[in-house]
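Visitor: Got the model open. Can you walk me through a few spots? Start with your terms, please.

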Amino acid sequence: MNVNRHGWTRRSFLMGSAATAAGLGIFGATRALASPRPLRAYAADKGILFGSSISGQVLKDSLYADLFTSQCAITVPEGSLKWDTLRPTPYRYDFSGGDWLYGMCKSHEILMRGHTLVWEGALPKWFAATANAENARTMMLDHISTVVRHYAGKVPSWDVVNEAVQIEDGRPDGLKITPWLRMVGPEYIETAFQAAHEADPHATLVYNENWLEPEGAGAERKRNAVLTMLTRMKKNNVPVHGLGIQSHVYAEMNITGGGFKRFLQQVSDLGLSIMITEMDVREKNAPGDIAIRDRLIASQYYKYLSFMLQFPAVKTVITWGLSDRYTWIATHNPRLDAMPVRPLPYDAELRPTPVWDAIRSAFEETRRR
Ligand code: XIL
């Protein structure tokens, strides 16, 4: 099969377009038949960085690697920079996976951002038995300083703290009750940002959060808690530079409502950049028919991205994976009918789906940054 440098055959690209033309409304044949420029180029036209997450393992799939390197201007490792990978024991750091990915990205001129320095997820097995109220702060600081220094000048931005707010946990400040909160105290967030800044004063430091989009009281309280926290950090000169919005959304959900819009404006007004850090679309409740399903998923991408890109503070768009061949949704959010999921711009055969057209349209239609 003759795969060009963009990672798809001319034929398969046209087939993808035919599927699009077969009834997918706004993502019609004319657009899809245009020259096969990569998404990164459509994004770059508008001063936006486009990319997707990666793991070292999937880059062994050479067709996938070709696609990835042609489409992406930026990436983020899905697991290589998490605690459980970097910290095989309490005393040793293993940068081999992250360094390999970094080298690969550098040789293809792809920026690699870092995810994630402080999170309750992906903690190593030894953590629970080793960390306690006496040593947790030092452990956290040692980790941040070692990891951020290791990549200083290389990794341009870090998710310093991930998913720290959870209203259901019942605290007045909305903070999630995690080992970090329990052992270090609520100031762990500001402390982490200070430490990351000391380790690399040039890195863009991001607070990354999920589930900020829905309308309704729960999400509104979450947005308020995040906004209050970010406002306080800015007021106290804590080096926070951006808000990462994970953007794991559902196909059928209203995620472009007034509450979220107000929130994005308020975050922009704080002078923070806003990044779409992990976008994919869950389709558990969507019909099985692939043409109908793709239309739903693609329109959700289009709606969401067009909405988000109204804000000039949004300059980075990262999807959580590039092709349905490798997606965490397959295991973490499978369809009830067990049909393969289709949450990303390329299908499992590495053919562009209507999602690809949706992303391109959103880039084409936004203003230049
Ligand atoms: C996910 C990975 O993609 C999976 O492979 C892993 O099993 C669990 O974590 N929010 C985050 C990411 O910030 O780190 C998560 O990544 C997805 C949800």
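Guide: Buried means under 20% relative accessible area, exposed over 50%, and partly exposed in between, with a 1.4 Å probe and protein chains only. Helices (H or I, at least four residues) and strands (E, at least two) are DSSP runs, numbered from the N terminus. This is a predicted model: local features need pLDDT of at least 70, side-chain atom pairs count only at pLDDT 80 or more, and totals for chains, interfaces and linings use all residues. Residues are numbered from 1 along each chain as its sequence is written, and side-chain values use heavy atoms, without hydrogens and water.

Visitor: Why is helix H4 largely enclosed by the rest of the structure?

Guide: Because seven of its 10 residues are buried. H4 covers residues 62–71.

Visitor: Which residues of H4 are buried?

Guide: Tyr-64, Ala-65, Leu-67, Phe-68, Thr-69, Ser-70 and Gln-71.

Visitor: And what do they pack against?

Guide: Helix H3 (39–45), strand S1 (49–54), strand S2 (74–77), helix H6 (96–107) and H15. Contact here means heavy atoms within 4.5 Å.

Visitor: New topic. Where does the ligand sit?

Guide: In the largest pocket. A pocket is an open set of points on a 1 Å grid over the protein atoms alone, where a 1.4 Å probe fits, with protein on both sides within 12 Å along at least five of seven lines. A molecule sits in one if more than half of its atoms lie within 2 Å of its grid points.

Visitor: Which residues surround the ligand?

Guide: Among them are Glu-78, Lys-82, His-115, Trp-119, Asn-162 and Glu-163. The list also includes Trp-320, Trp-328 and His-332. A residue counts if one of its heavy atoms lies within 4 Å.

Visitor: Now Arg-342. Is that residue buried or exposed?

Guide: Buried, at a relative accessible area of 15%. Arg-342 is in the loop between helix H14 (329–332) and helix H15 (354–365).

Visitor: What does Arg-342 touch?

Guide: Its partners include Glu-283, Asp-294, Asp-324 and Asp-347, leaving aside residues up to four places away in sequence.

Visitor: Last one, Leu-264. Where is that?

Guide: In helix H12, residues 258–269. Leu-264 is buried, with a relative accessible area of 0%. Beyond four places in sequence, Leu-264 touches Ile-245, Ile-274, Phe-307, Met-308 and Phe-311.

Conventions
On a 1 Å grid over the protein atoms alone, a cavity is a set of points where a 1.4 Å probe fits but cannot get out, and a pocket is an open set with protein on both sides within 12 Å along at least five of seven lines; lining residues have an atom within 4 Å of a point.
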